[in-house]
Amino acid sequence: MYAFGSRTMVGGLAIPVFLATGIAPFLYFKKVISQSLGAVTANQNLFLFRQMRVFDAFLVRFLLEMATQILSRYCWLTAPWPKTRITMAVQLSTLLLVMVTQI
């Protein structure tokens, strides 16, 4: 929306830099936290054991989600760059779609 309004800066930063350093990490962290909140309902049967605490379920789910997100982003970033612009556009639009919808 900023680009359509002829704005190239947001808070003194270029729009791509702002998105890469501000919004993307926020969306990543929000995704990990929201997935961690489902840990209690998903693991209710484990709470029958004395040793299992609610914090344990949150911690393990948080670490699992974080590792999955980091690994998927690492695999995407280290993949070989496509030879054609169309293939690159498809890959970049897919990454943007995944980041925005938080699939």
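**View 1. The buried residues of helix H1 in a predicted model.** The model shown is predicted. Seen here are the buried residues of H1: Ile15, Ala24, Leu27, Tyr28, Lys31, Val32 and Ser36. The helix covers residues 15–36. H1 has 22 residues. From its first C-alpha to its last it reaches 30 Å, close to the 32 Å expected at 1.5 Å a residue. H1 also has a kink of about 30°, placed at Ile23.

View 2. H3 spans residues 54–78. The helix has 25 residues. Its reach, first C-alpha to last, is 36 Å, close to the expected 36 Å at 1.5 Å a residue. Which residues of H3 are buried? They are Asp56, Ala57, Glu65 and Gln69. These buried residues pack against H1 and against helix H2 (39–42).

**View 3. H1 and H3 cross.** Two packed helices are described by the angle between their axes and the distance between the axes. For H1 and H3, the axes come within 8 Å. They cross at roughly 140°. Is the crossing of H1 and H3 left-handed or right-handed? It is right-handed. On the H1 side, the contact is made by Tyr28, Phe29, Lys31, Val32, Ile33, Gln35 and Ser36. On the H3 side, it is made by Phe58, Arg61, Phe62, Glu65, Met66, Gln69 and Ile70.

**View 4. Glu65, a buried residue of H3.** Glu65 lies in helix H3. Why does Glu65 count as buried? Its relative accessibility is 13%, and buried means under 20%. Leaving out residues up to four places away in sequence, Glu65 touches Val32 and Gln35. Both Val32 and Gln35 belong to the H1 side of the contact with H3. Val32 is also one of the buried residues of H1.

View 5. Phe29 lies in H1 and Phe62 in H3, so the pair ties together parts that are 33 residues apart in sequence. Is Phe29 buried, exposed or partly exposed? Phe29 is partly exposed, with a relative accessible area of 46%.

**View 6. The chain around these close-ups.** The chain holds four helices and two strands. Along the sequence, the pattern runs β-β-α-α-α-α. Of the 103 residues in the chain, 16% are buried. Take the contacts between residues at least 6 apart in sequence: 39% of them join residues at least 24 apart.

Key:
Residues numbered from 1 in each chain as written. Predicted model: local features only at pLDDT ≥ 70, side-chain atom pairs only at ≥ 80, totals over all residues. Heavy atoms only, no water. Buried < 20%, exposed > 50% of the residue type's maximum accessible area, 1.4 Å probe, protein only. Expected span 1.5 Å × (residues − 1). Bend = angle between axes of the 7 residues up to and from the residue. Contact = heavy atoms within 4.5 Å. Axes fitted to C-alpha atoms, helices over the stretch in contact; angles between N-to-C directions. Left-handed = near helix turned anticlockwise from the far one by under 90°.
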